[in-house]
Amino acid sequence: MEVNKTCFHPVSALDYIPRTELEQLQFARLRRIVQRAWDKVELFRSRMEERHVTPDDIQSVSDVAKLPFTLKSDLRDTYPFGLFASPMQDIVRLHASSGTTGKPIVVPYTQKDLDVWSSVLVRAFAACGLHEGDVVQNAYGYGLFTGGLGAHYGAERLGATVIPISGGNTERQLMVMSDFGVTAITCTPTYFLHLIDRAQNMGIDLRKLPLRAGVFGAEPWTESMRQRIEQEAGIKAYDVYGLSEIIGPGVAVECTHQNGLHVFEDHFYPEIIDPETGNVLPDGEEGELVLTTLSKEAMPMLRYRTRDITSLSTEPCPCGRTIRRMRRITRRSDDMMIIRGVNVFPSQIESVLLSIENTLPHYQIILTRHRGLDQIEVQVEVTADMFGDTVGALQSLQDKLADAIERVLLIRVQVTLVEPRTIPRSEGKARRIIDRRSL
Ligand code: DLL
């Protein structure tokens, strides 16, 4: 296949590597990482011993399936440094992410890990059509969250001019965007929607600015959100995926064809499993994404269960990249709500809301329990002019939404229409579900 290298950066060559060579590289790296995990991390060694597996049992890439899974709870149970495979003097950076309890999980990097991280982000940005000379407004949060510093070093290494503005202070974001010749932005998709909102309020037309691309991730978003962003800001919106336990942003990214995220498989080996049985599923089937780091020194991860639901595709992409693609992640195996016995995913509600006119992409799902019965209320912002309309118009929109949601979820929900900007905004990930059922 003809390789379209219009957005090519030298490190991107690995994106186009023939698959047989890729597999050899993956195999060599897998053997090394399994040996490292065995030698340096007590938990990995004991888990492997329980399964009667040693590093010598890894004779091909598919032997990864012989290895035990690693769970978020393993990081919690070994908090803070129990899974580290490098001594502290070799660790040059620590980040952290929320755990399942009060304590965060801690992720370490050696200098080489940081180099790998920047290199995958260079490949990610290049895949989105960014290049040397771009002016990148990095509105991911700086700090323990991996988004800010991760994207920062990647964009710098790409040769872009980076504006390390971090999240928040929306008016200043818009001033910088208007005055500094910003050509690309990185932040969560919901925060960008908020920027669009505020820009409209301040009379700024984002479509008239040089801004041409956004690299959005850190939370699930939908095709309808992409359409709104692209139309209202006049940019191309790309999806970037990652997680702290593996490296941070830069595990997978869309190319300019916007049809699935290419996984940087030479560093992160993906598998899809059935979340119930743990069995590996073939490419094309939907299940839980499991990732094994192939080069991480400070904290190798063996078969980390991400809880993110997706599928892998080996279909060739018109961009010519040989690395596999994963479908965008719209749900996790653990954000499922069970409401009156029915499984409900917030992304299902979101796509209904966005498909109906006069709604804004800001909503919250509030779960309560009344006399043993789960109640679900969906609060959604609607355009300001709806409130200037008759009560009848509001009522009919409310009914229309409730009907549309019922058709998808098979349960009746209470829909409450609220005025624009009443739902609390987040500078990072939007808080979509408020579960008051246990109170
Ligand atoms: O969110 C890393 C990141 C930063 C990714 C900036 C992209 C951009 P964590 O805080 O550890 O790391 O959260 C990881 O967020 O398991 C997914 O459930 C979710 N997530 C991340 N990116 C996406 C995405 C960062 N593009 C968790 N689509 C992951 C859907 C995403 N979900």
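Two strands pair if DSSP finds at least two bridges between them. The views below show a predicted model.

**View 1. Pairing of strands β9 and β14.** Strand β9, residues 261–263, pairs with strand β14, residues 325–326, in the antiparallel sense. The pairing extends over 2 bridges. Leu261 has Met326 of β14 as its bridge partner.

**View 2. The open sheet of 9 strands.** The strands follow one another in the order β4-β3-β5-β6-β7-β8-β9-β14-β13, and their pairing is mixed. At the edges are β4 (161–163) and β13 (312–313), each of which pairs on one side only. Within this order, β7 stands between β6 and β8, and β7 also contributes to the shell around the ligand.

View 3. Two elements, α5 (146–158) and β7 (236–243), each give two or more residues to the shell around the ligand. The greatest contribution is that of β7, with 5 residues.

**View 4. The residues of the ligand shell.** The ligand is surrounded by 21 residues, and the closest are Asp239, Val240, Ser244, Asp308 and Arg332. Sorted by class, the shell comprises 9 nonpolar, 6 polar and 6 charged residues.

View 5. An N or O atom in the side chain of Asp308 lies 2.6 Å from an oxygen atom of the ligand. Asp308 is also listed among the closest residues of the shell. For Ser97, the distance from a side-chain N or O atom to an oxygen atom of the ligand is 3.4 Å. Pro220 takes part through its backbone: a polar backbone atom of this residue is 3.5 Å from a nitrogen atom of the ligand. On its own, the ligand has 610 Å² of accessible area, of which the protein covers 93%.

**View 6. The backbone at His52.** His52 has a phi near 55 degrees, which is a positive value in a residue other than glycine. The loop that holds His52 runs between α2 (42–50) and α3.

Technical notes. Residues are numbered from 1 along each chain as its sequence is written. This is a predicted model: local features need pLDDT of at least 70, side-chain atom pairs count only at pLDDT 80 or more; totals for chains, interfaces and linings use all residues. Side-chain values use heavy atoms; hydrogens and water are left out. A residue is near a molecule or strand if one of its heavy atoms lies within 4 Å of it. A polar contact is a pair of N or O atoms within 3.5 Å; within protein, one must be able to donate a hydrogen and the other to accept it, and residues adjacent in sequence count only if both atoms are side-chain atoms. Accessible areas come from the Shrake-Rupley method with a 1.4 Å probe; for residues, only the protein chains shown count as cover. Helices (H or I, at least four residues) and strands (E, at least two) are DSSP runs, numbered from the N terminus. Ala, Val, Leu, Ile, Met, Phe, Trp, Tyr, Cys and Pro count as nonpolar, Asp, Glu, Lys and Arg as charged, and the others, Gly among them, as polar.
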